[in-house]
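Have a look at the model below before reading on.

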Amino acid sequence: MKVAIVGAAGRMGGRLIHAVLEADGLELSGATERPGHPQIGTDAGLLAGAGELGVKISADLTAVMATADVLIDFTFPEVTLQNLEICAQQGKMIVSGSTGFSPEQKQQVEKYAEQIPVVLAPNMSVGVNACFKLLKEAANILGDDFDVEIVEMHHNQKKDSPSGTAVRMGEVVADALGRDYNKVANFHREGMCGERTKAEIGMQTVRGGDIVGEHTVYFIGMGERIEISHRAMSRDMFARGAVRACQWLQQKQSGLYDMQDVLGLT
Ligand code: NAD
């Protein structure tokens, strides 16, 4: 299976190159960066510290996808939508880990997924996807008696807040409790904002240094507290998850899938 990587010079791009090289049955056929990026023309393997591969970083995704079966995309929603258009035109599959989609942008992704197989997941790690399942179970057991608060921490260059993973955690808990995440998520407490409402789910964000990604969901009761935490120590498991999604997607028809589907957790 021939794989192209978009955003090859990014934090995830380098880890994705290594993961594709290590994966069974996958071959890196192309790599791109944004037009004007200083690494255009550089060998993707040399840039990632994986040795020369003979795959030059290009700014022309249309040409790159002509020789690829699947695109791995860890960029940003507006870029991902452009990439989906190119993949749809060529009937190619796409695995995207981009986060920060607005509801309207998500609808656009769903439209493209009617034409091609798409995996879109805010977190590709097995551990976080196991957490989603544990959170549903915890919320079902604890019900409305426990207040739910979510705290996430990321590096100081992250563009979207709260993280896509924290939002998904909030959605999982809200769904299990029969609440609408968009109505109960509380992102801001300041001044005389009043007592905590029973239904709200607090969403707190910490940004600093080089934190890869940490998420804790607190279920806070009277006299006791449960914390479900995930800490990412490196970006490699996100990259390995994306590769696993490519391998899984090979047998799939058009449609929108996430890592719960890939890992058989649905
Ligand atoms: P980054 O800024 O380091 O990398 C993004 C790269 O995309 C950059 O090198 C940038 O130049 C490139 N790019 C931008 N526009 C482009 C274009 N039009 N064509 C080609 N390349 C283009 O960011 P990052 O830390 O690697 O994160 C990227 C995305 O992945 C973010 O949305 C982040 O939240 C998400 N992420 C998801 C997971 C997951 O498991 N789903 C894990 C980590 C990060």
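What follows is a quick tour of a predicted model, starting at the ligand.

**Around the ligand**

So where does the ligand sit? It's in the largest pocket. There are 23 residues around it, and the ones that come nearest are Arg11, Glu33, Thr75, Thr99 and Met124. Sorted by class, the shell is made up of 10 nonpolar, nine polar and four charged residues.

| Residue | Backbone atom | Ligand atom | Distance |
|---|---|---|---|
| Arginine 11 | N or O | oxygen | 2.8 Å |
| Methionine 12 | N or O | oxygen | 2.9 Å |
| Asparagine 123 | polar backbone atom | nitrogen | 3.5 Å |

How much of the ligand does the protein bury? On its own the ligand exposes 860 Å², and 86% of that is buried by the protein.

Now for the strands. Seven of them form an open sheet with parallel pairing, in the order β3-β2-β1-β4-β5-β6-β12. At the edges you'll find β3 (57–58) and β12 (255–257), each of which pairs on one side only.

What joins β3 to β2? Strand β2 covers residues 27–32 and runs parallel to β3, with two bridges between them. If you want to find one of these in the viewer, go to threonine 32: its bridge partner in β3 is serine 58.

Terms used:
Residues are numbered from 1 along each chain as its sequence is written. This is a predicted model: local features need pLDDT of at least 70, side-chain atom pairs count only at pLDDT 80 or more; totals for chains, interfaces and linings use all residues. Side-chain values use heavy atoms; hydrogens and water are left out. A residue is near a molecule or strand if one of its heavy atoms lies within 4 Å of it. A polar contact is a pair of N or O atoms within 3.5 Å; within protein, one must be able to donate a hydrogen and the other to accept it, and residues adjacent in sequence count only if both atoms are side-chain atoms. Accessible areas come from the Shrake-Rupley method with a 1.4 Å probe; for residues, only the protein chains shown count as cover. On a 1 Å grid over the protein atoms alone, a cavity is a set of points where a 1.4 Å probe fits but cannot get out, and a pocket is an open set with protein on both sides within 12 Å along at least five of seven lines; lining residues have an atom within 4 Å of a point. A molecule sits in a cavity or pocket if more than half of its atoms lie within 2 Å of its grid points. Ala, Val, Leu, Ile, Met, Phe, Trp, Tyr, Cys and Pro count as nonpolar, Asp, Glu, Lys and Arg as charged, and the others, Gly among them, as polar. Two strands pair if DSSP finds at least two bridges between them. Helices (H or I, at least four residues) and strands (E, at least two) are DSSP runs, numbered from the N terminus.
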